[in-house]
Amino acid sequence: MSLECRLKEIESRMAAAAAEVGRDPSEITLVGASKTQSSETIKYAISKGLTTCGENRVQEFTPHWDANAYEGAKVHFIGHLQTNKVKYIVGKVSVIESVDSFRLLEAVANQAEKLGLVQEILLEVNIAGEESKGGCPVEEVESLARRARELSHVRLRGLMVIPPVEQIKGENRIYFQKTHGLLVDIRRKMGDNDCEMNCLSMGMSDDFEDAIREGATHVRVGRGIFGNRN
Ligand SMILES: *Cc1c(COP(=O)(O)O)cnc(C)c1O
């Protein structure tokens, strides 16, 4: 199947999952996880309607950025980010989805202040408490969110989650539900009156439909769009 067909198929499956639970498909953004893809492939995907790219690694992002590969689309940074690499990302990407520590949060805020801009971010949550995973522990999300709201050069938009690899289809749905619950809880506790924290980035190629059923506003799909990675 061609990239164009795969993209259309993902979009129609997204719309069907949204319809199932009475959601408007236009509330949900497809983020094309383009790791390992060439600048040409990214440009092609954008020409076929991809509106948002998701990049994992600064080393891949920078050459694509320099080659104008993202022209016509937004970029979300979705991978683990080291504090010393923040300067290559802030102000270029529209959202950094993977903020998971105070140290990283402060580094992003400092760089944004230096550039005189406001960087949108999500907090990445380690929802299943996996040892070997990035993401903020569930117990710390509220304090991290409160700190983010104090910093005038970041705008906290919501949460991101990478649940465990599914062994059985459907078993991650509970984690999507928990992440949604956590966001609702934090918004209530923090009094999110201007409704800024309304983003939930969750779901990948194998489980994005369940994520949509549980309230995802952004799904990050790689293989489903670009095909299997080598
Ligand atoms: C690679 C990646 C995805 C997409 O994974 P697929 O299984 O290829 O859909 C989503 N989110 C993150 C953070 C990723 O690294």
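Author: A search of the whole structure finds 20 salt bridges. Each is a side-chain nitrogen of Lys or Arg within 4 Å of a carboxyl oxygen of Asp or Glu. The model is predicted: local features need pLDDT of at least 70, side-chain atom pairs count only at pLDDT 80 or more, and totals for chains, interfaces and linings use all residues. Residues are numbered from 1 along each chain as its sequence is written, and side-chain values use heavy atoms, with hydrogens and water left out.

Start with Arg 173. Asp 210 forms a salt bridge with Arg 173, the closest N and O atoms being 3.9 Å apart. This pair links distant parts of the chain: Asp 210 sits in helix H7 (residues 208-213) and Arg 173 in helix H6 (residues 173-190), 37 residues apart. Helices here are DSSP runs (H or I, at least four residues) and strands likewise (E, at least two), numbered from the N terminus.

Arg 173 also meets Glu 214 in a salt bridge, at 2.7 Å, N to O. Glu 214 lies in the loop between H7 and strand S9 (218-221), so this pair ties together parts that are 41 residues apart in sequence. Shared partners join Glu 20, Arg 173, Asp 210, Arg 213 and Glu 214 into one network of salt bridges.

Now burial. Buried means under 20% relative accessible area, exposed over 50%, and partly exposed in between (1.4 Å probe, protein chains only). Asp 210 is buried at 10%. Glu 214 is buried at 12%. Arg 173 is partly exposed at 31%.

Another pair is Arg 23 with Glu 27, at 3.2 Å, N to O. Arg 23 is buried at 15%. Glu 27 is partly exposed at 43%.

Glu 97 makes a contrast. This residue is found in strand S4 (residues 95-99). Glu 97 is buried yet has no salt bridge; the nearest side chain of opposite charge, Arg 220, is 4.2 Å away. In that count Lys and Arg are positive, Asp and Glu negative, and His and the chain ends are not counted. Glu 97 does have a 2.7 Å polar contact with His 76, side chain to side chain. A polar contact is a pair of N or O atoms within 3.5 Å; within protein, one must be able to donate a hydrogen and the other to accept it, and residues adjacent in sequence count only if both atoms are side-chain atoms.
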